[in-house]
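Please look over the sequence and the model shown here before reading on. The briefing below takes up a set of strands and then a pair of helices.

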Amino acid sequence: MIYFHKLRALIAALAFAVASCANLTAKAADFDGQVAPLLTQRCLTCHNAAEAKGELNLSTLKTALAGGESGPAIVPGNPEASYLLQRVREGEMPPRKKGIPLSPAEIETLTAWVKSGAPWPKGRVLSELDVTTDKRAGKDWWSLQPVKRPAVPEIKSNWVLNPIDAFVLEKLRSHKLSPSAPASKTVLVRRIFFDLTGLPPTPAEIEAFVADQSPDAYEKIVDRLLASPRYGERWGRHWLDVAHYADTHGFERDFLRSTAWPYRDYVIAAFNADKPYNDFIREQIAGDVIAPTDAEKVTATAFLGAGPWDVSGLMETGNPMLKRQALSNVLDDMVTTVVTATQGLTINCARCHNHKFDPILQEDYYRLSAVFAGVLRAERKLPQTPLRKELTQQITSLEQQFKRLSGPPVNLADIVGGGNGFGSGKKGFGLDPRDGKLAKAGESFLDAPTGKYVRTKSPLVDGVFVPDGGAGGRTPVQISSTGLHVQGLTSTNGKVWDFIVNGPSAMQSGSTLDGVDYSSTGHTQLALHANKGITFDLAAIRKSTGYRELKFQAVAGCASGGYSDFWVYVDDKLAASETGVTQTRGGTHLDIALGIDKRFLTLIATDGGNDISHDQIIFGDPLLVSLPDPTDRNGAPIQQRRDELTAELAALKKQLAELPVEIPAVFGVVTQKPPAMKVLARGDTELPLYEVGPGALSAVGSVSSDLGKSDMPEGERRRALADWLVHPNNPLTRRVIVNRLWHYHFGRGIVDTPSDFGFNGGPPTHPELLDYLADELLKQNWSLKAMHRQMVLSNTYRQGGAANPEAQAIDTDNRLLWRRNPQRLEAEAIRDSILAVSGKLNLKMGGPGYRDFQYIERYAPIYRFQTADKPELWRRTVYRFTVRSVSNPLLDVLDCANPSNLTPARSRTTTPLQSLALWNDDFLLRQARYFAERVEKEAGKEQTAQIQQAFRLSLGRPATTEEVTGAAELVRQHGLFHLCRAMFNASEFVYVD
């Protein structure tokens, strides 16, 4: 009996101990700290709201208690009855193909939690996006966490010049590595010139730096290069890669985009001015909202329009479903470009479903799409400065007064539309150059013979024709029914586009010259798309109006992309002409006297020698103004007022002409009221689900992702996103840009995937250094030049590139930065260096890009690249007119970026084709000859001097004795040209140590 009582007491004591242990375990297994991460990492991948395997959803308490096909997953207080615990104890969950079984400690955590009643905070919803697993990133992923400035390592070393060196040296020492010896001054100066400007230093610049023994010699040269306009050209090109900028639309209808270049110039100017990076981003997203009257800020938004544009899908298809898909693709490109460039995340993966690897919801993607739902890619007029606008308005007002003094003017555009010159003609109608008949315009290519003068049935138009001046302008061209001929017109290809039109012709993209839209109320335009001519019968016009002395007044220019020529003849005498007219050159104000003895007025447009594209000449407000008869007794006071107006107009036009040139338009974005944005099932435009308002990435928890409601105005959506992107608490924007700078300076970023900071991207090799730089950018007021300066002034950057077998055995890829890796120059830098060394580099900045191709208008346009062998084509490669569908053969083989894709990092391949191109390409051969001519001119006839000068110019150093001997033999056998040719093909020429 006593034994029984002792046994019962022992059992009771053991039960109390077990219960106490269980309570301790249950207490330790708190939901947020232990259970939620465990369920999220190990169970939620298969058992979530979107993908409930076995009908089991463990994201909420309610669904977990309900269980799935096999019954309740969790029975609070009863681990043995909880099917979830049964499966994990048996090692069946998670399935082995999905991951390793739960550890005993993890099973005990779940058991204790269930035994304690399975406490679950009210309203708490678990998401597979919350916690990082071995399969995907969660919201706790490193790049999504706030930037925290780390303490700079305290390292005693003379090698440490700034915090960058401290972080790098600490990492090196932790791997028992040491930095390399510093690069020589000759190597360092060549490195910094290419890094900051993309051009080689001259021999004089190298010698001056080597000779400068002052302690701040290197700092001075860094500051000088950062202040150079060449810096913006170099680093602006890097950003254009990220924006996938080009000068054509892409797709199969790869038409010219002739007004894209103002955005390129904006980027270059922004880098040169060291525009704070936060302003740079805000302006590109919402510059037109921030400062709607500032042309620069409006131009910046062309970032959103820089990508491809599907002419067929957006304009030509009659299928509404295909058009919706094309619009969806444009929107996808905008969202992808913005998020990839600024946040370094692959947002486009969430177009059809939640991102498979990063914590990005499909809803996030469509909330971002809602931000840009009211944005369309198109050419956009740029605002004028107030003074230009005021002067233009004054000139227009005085010209109207001038016209009213002598009766209503005769409008030649109205005559072309079948009218009498006073408003009876039809807009959109015109004269067919093939037969002179009046018809509704809107045609494309016409099969019209050149050199055939055709009479018209219009009593006021003598005839029409298709001109071709032939080689050297020697072919006579008939311009009247009386047999008048002219010579000197340019040679054309004889092709014709549309009619001679009262109003815009087919595919005309603009009607604005000098800020005046000639398609607007109160204005008219006579459109002559090359190649066409029209001759008006002045005698017939005088007879029908009773006017005697006349003046022809108009504003002539190119209102669309492309370039062309215009010609004005009075009888057979040239009265005005301009060749190579582009939209950016504005309008030419014509004021031509037509004496009583003059019979014909002829207007001609030719294709500018570039085949026809958008070679659109318009004559804005083309008027014949009647002059008062000097014998009229009432003429004197009228003439006096006309003379006064003439003087006032001349003064105003002179003042207008002296203003800085303004850009009339840019291909960017225009806006409309945003349509409703709905999440699309599998990204299918025909399967809309539910509406969402504008928002940002919900995974960035340090900044609210809610930007507004569905009724939010278009502009405010973009402004809100712009502010979200550059918010000081957004950790991605600053991390991504400082990593991009590091990537270009060191050849590889701290994160070696510059546009992917997600799960599939590379981990940071120096995370503390990355956060130091990101925080420093904010402290430096977002100055990129300040960040450049810190990076290139560090000893880490100034290291030599000598190989070290022991270090290579530990860190083969030099990710720890124990030396400087040699870097191959990009395609543009190679081409620019060739031109610089040959002495042919044209440093003209800005404006339309140079065209090193022949453009042939077809359904799918043809671009035939030609050798760039004239000064206007020897500009820096960043100013190249970039074609999406056809690559420049030389640049393509040198791994130039494909502008149809986002290019965060250039490919660097090594192929036989590259060597063949650098040896045999026609451009290289011609530049080698120019290089040889330069060497001979600068070094004289002495052979050794020539060899040394060739080495200094191309490689930045003198030739060694052995090199002089070998080069002398080459020159003796094949001439100086072949030595210069060989220098362009040297590895040392295309690589920078």
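**Strand pairing and helix packing**

In the hairpin of strand 17 and strand 18, where two residues lie between the strands, D571 takes a positive phi near 55°. This is a predicted model, in which local features need pLDDT of at least 70, side-chain atom pairs count only at pLDDT 80 or more, and totals for chains, interfaces and linings use all residues. Residues are numbered from 1 along each chain as its sequence is written, and side-chain values use heavy atoms, with hydrogens and water left out.

**Strand 17 and its partners**

- Strand 17 (residues 564-570) pairs with strand 18 (residues 573-581) in the antiparallel sense over six bridges, and the bridge partner of V570 in strand 18 is K573.
- Strand 17 also pairs in the antiparallel sense with strand 20 (residues 600-606), over six bridges, and in strand 20 the bridge partner of V568 is L603.
- Seven of the seven residues of strand 17 are buried, so the strand is largely enclosed by the rest of the structure; buried means under 20% relative accessible area with a 1.4 Å probe, protein chains only.
- S564, F566, V568 and V570 point one way from strand 17, while D565, W567 and Y569 point the other way.

**Helix 30 against helix 31**

- The axes of helix 30 (residues 943-955) and helix 31 (residues 961-974) come within 10 Å and cross at roughly 110°, and the two helices are therefore roughly perpendicular to each other (65 to 115 degrees).
- Q943, T944, I947, Q948 and F951 in helix 30 meet E963, V964, A967, A968, V971 and R972 in helix 31, contact meaning heavy atoms within 4.5 Å.

Terms used. Axes fitted to C-alpha atoms, helices over the stretch in contact; angles between N-to-C directions. Helix = DSSP H or I, 4+ residues; strand = E, 2+ residues; numbered from the N terminus. Parallel < 35°, antiparallel > 145°, perpendicular 65-115°, else oblique. Buried < 20%, exposed > 50% of the residue type's maximum accessible area, 1.4 Å probe, protein only. Pairing = 2+ DSSP bridges.
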